[in-house]
Amino acid sequence: MTYLMNHPLLVFALAFVVLLLSELIGVFLLRKQGGLEESAREQFGVIQTAALTLLGLIIGFSFSMAISRYDQRKNYEEAEANAIGTEYVRADLLPPADAARVRALLKTYVDQRLLFYVARDGQQLQRIDAYTGRLQAELWSAVRAPAMAQPTQVIALAVSGMNDVLNSQGYTQAAWWNRIPPAAWVLMAAIAICCNLLVGYGTRQVRGETILMVVLPLVVSISFFLIADIDSPRGGVIRVQPQNLESLSQSLAQG
C-alpha cells in the first residue's frame, strides 16, 4: 500500500482500469437481469445520486487532508531554516573557537538538510539521515562544552537555539511521515467502485453512452492521482521546494 501511494501515476493507471471495469461489470449485470424497469429507475436515481455525492465529499475531504499535510511540510521547512539561521547568529555568544566550529558544522548541516528535501533514492536517504544524526551529535557537543565550562545566561541562549535546530529536524521528519491513512484510501476506493457499478448498472444504451462511460472513471482517477501526488513527499510532481534553506545556504556561503 505504501509503495502504491508513493507512485501517483501508478495510482492513476490502476484506479482508471479498476473503475472502468466496475462500470462494465454494472452493464453486464444490467444485461443479465434484462434491464432496469422504469418504475424502479426513479428510486435507483436517488441511490445513485446519493452515492456520487458521498464520493465527492470523500474525495474533497481527502484532498483537504493532503493539502493540510503539504502545508505543514512547507511550514516546517521554513521553521527549520529560521532555527538554523538564528543559531548561526547566536554562535557569536560562544567563545571564538567554539563559535567557529558551530558555524562550520551548521554550514554542513544545511547542505544535508537540502539533500533531505531533494533525495528520492531510499539508500541515499538512509545515508543522509545517518550523516545528519552524526552532525547533530557534533553540534550538541559543540555547544555543550562551553555551556558546562561557563554556565551563563548568555551561553544558555546559544544552547537553546541549538535545541531548536535539533527539534525542528524532528518536527520536519514527523510531518513527512504524516500521510493520509491507508484506511481512508480503502474507503475512498470502495465508494468509487460502488459508484461506477451503479453508473454502469443504470446505463440505458451502452453503444450510445460509450464515451460518457469513460468520463467518471477518468475524472475520479485524476482526483486520486492529484491527492496521491500532493500526499507523497518524494514520489509526486508537486513537492516541497526548500527555498528557505537554499536562501540560507547561499547567505551562509557568502558570510
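This is a predicted model: local features need pLDDT of at least 70, side-chain atom pairs count only at pLDDT 80 or more; totals for chains, interfaces and linings use all residues.
Helix α6 covers residues 153-177, a run of 25 residues. From its first C-alpha to its last the helix reaches 36 Å, close to the 36 Å expected at 1.5 Å a residue. Its buried residues are I155, A158, V159, G161, M162, V165, S168, Q169, T172, Q173, A175 and W176. S160 and Y171 are separated by eleven residues in sequence, and their C-alpha atoms are 16 Å apart in space.

Two packed helices are described by the angle between their axes and the distance between the axes. For α4 and α5 the axes come within 10 Å and cross at roughly 160°. Angles over 145 degrees count as roughly antiparallel, and α4 and α5 are therefore roughly antiparallel to each other. Their crossing is left-handed. The residues of this contact divide by class as tabulated below.

| Class in the α4 with α5 contact | Number of residues |
|---|---|
| Nonpolar | 14 residues |
| Polar | five residues |

The largest nonpolar core holds 56 residues, of which I84, V102, W185 and F224 touch the most other members. Helices α2 (8-32), α3 (38-90), α4, α5, α6, α7 (182-201), α8 (210-231) and α9 (243-254) each supply at least two residues of this core. Helix α3 gives the most, with eleven residues.

Technical notes
Residues are numbered from 1 along each chain as its sequence is written. Side-chain values use heavy atoms; hydrogens and water are left out. Helices (H or I, at least four residues) and strands (E, at least two) are DSSP runs, numbered from the N terminus. The expected span of a helix is 1.5 Å times one less than its number of residues. Buried means under 20% relative accessible area, exposed over 50%, partly exposed in between (1.4 Å probe, protein chains only). Axes are lines fitted to C-alpha atoms, for helices over the stretch in contact, and angles run from 0 to 180 degrees between N-to-C directions. Angles under 35 degrees count as roughly parallel, over 145 as roughly antiparallel, 65 to 115 as roughly perpendicular and the rest as oblique. A crossing is left-handed if the near helix is turned anticlockwise from the far one by less than a right angle, and right-handed if clockwise. Ala, Val, Leu, Ile, Met, Phe, Trp, Tyr, Cys and Pro count as nonpolar, Asp, Glu, Lys and Arg as charged, and the others, Gly among them, as polar. A nonpolar core is a set of buried Ala, Val, Leu, Ile, Met, Phe, Trp, Tyr and Cys residues joined through side-chain atoms within 4.5 Å.
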